[in-house]
Amino acid sequence: NLLCLLSLENLRCLRVWCSPPERHSVGGGASRRTMTKGLPWSTRTLVSLCSLVSLLVLLTPIDGLSFGTKQRASLDSMPPSSVPITRMASFSQQSNNDIQNDDPKTVAKIINDAYQKGEEGIILDEPRGSFQRMTETDVADMMQGGKLLVLQDQLQDEIIGCIKVDVNKDIGEWGCLAVQEKYQGKGYGTILVHAAETYFKEEKQCTMTQLELLAPTNWKHTHKERLRSWYCNMGYTLAGATYEESTNSLCEGEILAGKFQLMTDADFTMYRKEL
């Protein structure tokens, strides 16, 4: 704010000091007075440099905030009670007040809404809307098994999004990343990924994390390519030395996980990141 004020003030001064002295006036009404002499050339030059430096500082991105800057800044300005929190989802059939139950139906809807759009043109969805990435039972099982992190809006008492976490020896794998549509584009997906990475490293002592990306083999899927770039920006690289070594190619018509039919030839590519 101070830099902004300095910059604006310097610009105002430049407008006053560098205008032709015989035409510029300052003030108003009865106290209006006309400037008859400009400041020395060296002073005007110094003011110009100050304005330029102030503007450059304002336009320079802060290191570490290049991705999700707007969202992070808004979180920093929130009171503690309103900052979204990431926690392990929980669910129990028992009505124990000491147990915080999340609604599997709500979480399943968040996941399925995201995947119906994300897998469009790749996974068969006929009749339209029938494709269900996760059932309520699947979600409840993940919650009971401690394999689902959720991001919660504390003020609205609402789940923003979720991410599945699984551990195999010293490698943590995440997937089923989903954010409610109204919260998308605000950096919450990044928060969930970082939460999963922290969980793997600090809670499970993993040294590596990985994910798999399903994308068409012979054509570009806009959403999938955006995800691929996003993963790379977060430090993920191909698990193997080449794309072919990191990829399992599948054919149109194949069934995934015993229930999802491919509409096109597709590649399952694994990406990894050291923790």
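The model is predicted, so local features need pLDDT of at least 70 and side-chain atom pairs count only at pLDDT 80 or more, while totals for chains, interfaces and linings use all residues. Residues are numbered from 1 along each chain as its sequence is written, and side-chain values use heavy atoms, with hydrogens and water left out.

**Asp 267**

Asp 267 lies in strand E12, residues 266-274 (strands, of at least two residues, and helices, H or I of at least four, are DSSP runs numbered from the N terminus). Asp 267 is buried and has no salt bridge, the nearest side chain of opposite charge being that of Arg 228, 6.7 Å away. Here buried means under 20% relative accessible area, exposed over 50% and partly exposed in between, with a 1.4 Å probe and protein chains only; Lys and Arg count as positive and Asp and Glu as negative, whereas His and the chain ends are not counted. A salt bridge is a side-chain nitrogen of Lys or Arg within 4 Å of a carboxyl oxygen of Asp or Glu. Beyond its neighbours within four places in sequence, Asp 267 is in contact with residues including Leu 213, Thr 217, Tyr 243 and Ser 249 (contact means heavy atoms within 4.5 Å).

**Nonpolar cores**

The largest nonpolar core has 27 residues, and among those with the most contacts inside it are Val 107, Val 139 and Leu 262; such a core is a set of buried Ala, Val, Leu, Ile, Met, Phe, Trp, Tyr and Cys residues joined through side-chain atoms within 4.5 Å. Helix H4 gives the most to this core, with five residues. A second, separate core of 25 residues includes Leu 149, Leu 177, Val 193 and Ala 196.

**Salt bridges**

| Pair | N to O distance |
|---|---|
| Lys 224 and Glu 119 | 2.8 Å |
| Lys 147 and Asp 166 | 3.6 Å |
| Lys 182 and Glu 158 | 3.2 Å |

Lys 224 and Glu 119 are both buried, and this pair links helix H7 (residues 222-233) to the loop between H4 and H5, 105 residues apart. Lys 147 lies in the loop between H5 and E4 and Asp 166 in strand E5, so that the pair ties together parts that are 19 residues apart in sequence. Lys 147 counts as partly exposed because its relative accessibility is 33%. Lys 182 is exposed, with a relative accessible area of 51%, whereas Glu 158 is partly exposed at 22%.
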